[in-house]
Amino acid sequence: QEPEARFGESVDVRLVNVDVFVTDKKGRRVSDLEREDFAVLQDGRPVEITNFSRVRGSARATGGEPAEVDTGLGAEPLTTLSEPQTVVVFVDNTTLTPHHRNRVLADLEAFAVAQMGAGVPFMMAVFNPGLEIVMPLSRDVEQASAAFRRVADMPARGLNAVGERRRTMELIQDIWEIFEEAGPGNPGATTARQGSLSFDPCVDGWEQMFGAVDDYSQAAGARVGQVQAALLGLTRSLGGVPGRKSLLYLSDGLEQRPGIDLYSYLGELCPRRERDVFGYYTRWDETPRLGELTEYANSHRVTLYALETAGLTSSSAASVEFASKQFTPSGRNDTLRVSNLQSSLFLMADATGGRAFLNSNFPGDDLGRLAEDFGDYYSIGFVPPTGWDGARHTIFVALVDEAAKGRKLRYRSRYRAIPEDERLAERTLAALVLGWEDNPLGTEIRVGEQTPLEGDVRQVPVEISLPAEKLAGLAGSAQQQLIRVLMMAEDGRSRRTPMREKLIPVRLGGGSEPIKLVVNMELEPGAHRIAVGVRDEVNRVASFHRTVVEVMP
């Protein structure tokens, strides 16, 4: 796809962009505010709003004309631009069940087709675990329909996590019964306190029951970590895509504090030990990892939305899984379990200015509200007073004076000020993962002849050709340039090489012959995608490419 016209950000002029949604006390969008109605603070200190625009209407939701963008320049005429919008659907098959996932896919496909018809590029990624791009950025409706059919036929592993939780509860019940029945002459007595006439599961079996919960919680935390890493990698690659990016995460829920409901379950079985388990409610806490994800998302203008596909759930008391009332989780425990699964979805959405759609069996209305976010918002930009220092910063946006009455704001609340060199690497990653190319330098990329090395490895020369007249025009009177080259490869199994980076001095001799650079990569046999980032260090202009090479055995 050809990149859309950029709006509000470029590789040269870097602002912190904050998209602000304003509603009145009845929940209706407010779209008549001016720059003077807003105040922005970074880390508690006021900053100057350097860029301000109103994006009006939600025509994209109905497949009409692109939203209008009012640049807020007072007497100057209204400038109508197509604010770039990109939607990424992330299907987390590790937390989904096939029934729940496929129940919402029809509504989601209809939503995608409507948005693509209005010019919004869509992309679909599936986590199995292992991230797979089942549809690259595209506006092709037929390609989208094929991707949805493919996802519907994929296995989903959400029942595995449900089964692990259920087996942990059964193990607790088995341990309880062993110690409850143990006594003189009972074989169970050999594992209990010798010589005792009575056995208390909450004393004699406590360490074993607690260990079972700890094992479950550690495994659940590892699963959350895998999902977070995949979301983070995709979010960082989206940094190379201009405009607003909306990432819709499909899940049956993600445990923010893995195992918290099972620790509580132990406390219900053993009320005298409830104080003991209370301290373990935050033993496995995924909040810091999720916070890292949202900070990167905010830095790349990625808004996270979460769609819980489980819908409304029933009480454990109504389940036939629990034969004994003694071992049936309480209503309070059910509430804790559900809120723990939903809280991570809410955290990701709230911290990035998005929305979490929960407890809905039919998501059509929720997707309509998501489409509303493509219009009727304010885009505010400011230059960070601390520069791009790599640190984490908070953002606070408020309405002032009369504009504040009865109105609510939704926006991203924190970000990480990513240094320029790191962002350059992420733009190269975007070319690799998403195929997003941009070539203001007019460079050309080709792969040279492969050379055998030790074992099955081949040396693959990547040749970069830069037009001399382009560099000379940018250089002015300078006769020497510095060219930074970044390169990364990925094979068919999603294994990536480390990011390679070289700084190459180039002399401009005044001729018309293109300047050629060569960077060698060592690759194993098979098909590889290679992403190349090239930046003129003097003028800070960068190009990004992706090519494919078959490395012969």
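Is Glu402 buried or exposed?

A: Glu402 is exposed, with a relative accessible area of 56%. Here buried means under 20% relative accessible area, exposed means over 50%, and partly exposed lies in between, using a 1.4 Å probe and protein chains only. The model is predicted: local features need pLDDT of at least 70, side-chain atom pairs count only at pLDDT 80 or more, and totals for chains, interfaces and linings use all residues. Residues are numbered from 1 along each chain as its sequence is written, and side-chain values use heavy atoms, with hydrogens and water left out.

Now look at the partner. Glu402 forms a salt bridge with Lys405. Their closest N and O atoms are 3.1 Å apart. A salt bridge is a side-chain nitrogen of Lys or Arg within 4 Å of a carboxyl oxygen of Asp or Glu. Side chains of opposite charge can pair when their charged atoms come close. Lys405 is exposed too, with a relative accessible area of 57%.

Step back to the whole chain. The structure holds 39 salt bridges. One of them joins Glu268 to Arg332, with the closest N and O atoms 3.9 Å apart. Glu268 lies in helix α7 (residues 260-269) and Arg332 in helix α10 (residues 331-351), so this pair ties together parts that are 64 residues apart in sequence. Helices are DSSP runs of H or I with at least four residues, strands are runs of E with at least two, and both are numbered from the N terminus. Glu268 counts as partly exposed, at 25% relative accessibility.

Arg332 also meets Glu274 in a salt bridge, at 3.3 Å from N to O. Glu274 sits in helix α8 (residues 274-278), 58 residues from Arg332 in helix α10, and the pair links distant parts of the chain. Glu274 is partly exposed, with a relative accessible area of 29%.

Some salt bridges join up. Glu420, Asp421, Arg484, Glu501, Arg535, Glu537 and Arg540 are linked in a network of them.

Finally, the setting. The protein chain has 13 helices and 23 strands. Of its 553 residues, 52% are buried. Contact means heavy atoms within 4.5 Å. Among contacts between residues at least 6 apart in sequence, 74% join residues at least 24 apart. So the view runs from the exposed Glu402 to a chain with 39 salt bridges, by the 4 Å rule.
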